[in-house]
Amino acid sequence: MPAPIEEPLQGRNNAKPAQRLTPAQQAQWQDQGYLVLPGFKPAPDLQALRRRAAQIVEAFEPGPRLSVFSTRDQARQAADQAFLDSASGIHCFFEEEAFDESGHLRQAKALSINKIGHALHDLDPVFDAFSRGPALAGLGEDLGLKDPRIWQSMLIFKQPGIGGEVRWHQDATFLHSTPITVTGFWFALEDATRDNGCLWVQPGGHQGPLRERFVRRTAATQAADIPPSELGLEALDATPWPEISQAVPLEVPAGTLVCLHGLLPHCSAPNRSAVSRQAYTLHTVDALSHWSPTNWLQRPAAMPPRGF
Ligand code: FE2
């Protein structure tokens with residue numbers, strides 16, 4: 001369980017009035033599939049979120065290390081189960097390079113966590129306050145979202161030295177609906193630079209096809225060509241990922257909000273610098289679209305996704 005909140009919520013952004021997008025910004029969203037909004041969140045909001053994230057990590061008790069499992073399959077099953085459970089919980093995930101060969105952390109726990117996910121916005125009051133309010137509701141309207149529901153939240157640490165690469169992907173791979181309506185909201189909690197692993201996007205790439213889907217094996221997918229583990233990637237389209245010459249780095253100061261169309265290819269490099277690159281992300285899917293039963297993320301009936 002996360003630590004209790006020891007101080008009053010600070011920097012709540014709920015009262016911030018909606019700041020509408022200009023026609024030029026709306027045109028860029030349509031044409032390019034992304035939008036960069038500097039200064040969307042004030043510094044106190046960023047500090048409140050980072051402090052709360054640090055409390056959650058501090059309270060996190062890692063389970064048995066992978067090395068104590070007798071087989072790789074058991075380790076993988078345990079990891080898959082923790083991942084699935086995090087759909088409606090708050091779970092800390094380690095960096096791949098966090099452990100040495102003997103299964104011990106190479107550095108302090110607080111510097112070893114890759115991310116916290118995936119229901120922070122519904123279960124933690126500080127994250128709830130950051131994730132909702134008139135500013136985001138107005139922005140959602142201006143982006144053309146009809147009835148956005150927040151399905152997923154992640155605090156991504158991108159730790160100094162070991163923060164791993166996130167390969168090219170489209171968010172619709174992981175949060176699929178018919179029609180595709182997933183939209184990403186990426187908040188820079190710290191300055192993001194090329195050195196510490198900022199986002200890279202392919203402008204206009206959202207007009208291409210969905211290349212792959214991350215599916216959960218169900219009775220309906222048993223017969224499909226899905227790997228014999230519970231979770232796997234299903235290839236849909238062979239369109240290659242962009243060359244780096246087709247991509248642009250989004251070097252942005254803390255407080256910036258980057259909006260990402262669900263089909264926009266994006267990635268980030270590993271962080272080999274001495275400073276972290278924390279970001280907080282929300283992903284919405286329109287309630288009017290059909291949520292796929294093969295998505296990894298499924299919510300219990302008592303915990304339906306809510307909007308802004
Ligand atoms: Fe993404």
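Which residue lies over the face of Phe130, and at what distance from the ring centre? I looked it up: Lys41 does, at 4.0 Å from the ring centre. The test I used counts a charge over a ring if NZ of Lys or CZ of Arg is within 6 Å of the ring centre and within 35 degrees of the ring normal. Arg211 also passes, lying over the face of Trp241 at 4.5 Å from the ring centre.

**Ground rules.** I am working on a predicted model, where local features need pLDDT of at least 70, side-chain atom pairs count only at pLDDT 80 or more, and totals for chains, interfaces and linings use all residues. Residues are numbered from 1 along each chain as its sequence is written, and side-chain values use heavy atoms, with hydrogens and water left out.

**Whole chain.** I began with the totals. The secondary structure comes to 6 helices and 15 strands. Helices (H or I, at least four residues) and strands (E, at least two) are DSSP runs, numbered from the N terminus. Of the 308 residues, 49% count as buried. Buried means under 20% relative accessible area, exposed over 50%, and partly exposed in between (1.4 Å probe, protein chains only). I then checked the contacts with a separation of 6 or more: residues 24 or more positions apart account for 86% of them. Contact means heavy atoms within 4.5 Å.

**Iron site.** I looked for the protein donors of the iron ion. They are His169 (NE2), Asp171 (OD) and His266 (NE2), lying 2.2 Å from the ion. Donors are N, O and S atoms within 2.8 Å of the metal (3.2 Å for Na, K and Ca); water is not among the atoms, so sites may look incomplete. In sequence the donor residues are spaced H-x1-D-x94-H. Why does His169 count as buried? Its relative accessibility is 11%. Asp171 is buried too, with a relative accessible area of 7%.

Two strands pair if DSSP finds at least two bridges between them. Strand 1 and strand 12 (residues 257-261) pair in the antiparallel sense over 4 bridges. There I found Leu257 as the bridge partner of Leu37.

Strand 8 (residues 199-201) and strand 13 (residues 266-268) pair in the antiparallel sense over 3 bridges. Trp200 stands opposite Cys267 in strand 13.

**Aromatic rings.** I searched the whole structure and got 13 aromatic pairs. Rings of Phe, Tyr and Trp (its six-membered ring) pair if their centres lie within 6.5 Å; planes under 30 degrees apart count as stacked, over 60 as edge-to-face and the rest as tilted. Phe94 and Phe99 have ring centres 5.0 Å apart and planes at 65 degrees, so the pair is edge-to-face. Phe94 is partly exposed at 23% relative accessibility, and Phe99 is partly exposed at 24%. One aromatic cluster holds Phe40, Phe127, Phe130, Phe187 and Tyr280.

Gln30 lies in helix 1 (residues 23-32). Is Gln30 buried or exposed? Gln30 is exposed, at 52% relative accessible area. Not counting residues up to four places away in sequence, Gln30 touches His206 and Gln207. Gln30 and His206 are 176 residues apart in sequence and 9.2 Å apart in space, C-alpha to C-alpha. In helix 6 (residues 134-142) I noted the buried residues: Ala135, Leu136, Gly138, Leu139, Gly140 and Asp142. Their cover includes helix 1, strand 1, helix 5 (125-131), strand 7 and strand 12. Gly144 follows helix 6, with a positive phi near 90 degrees.
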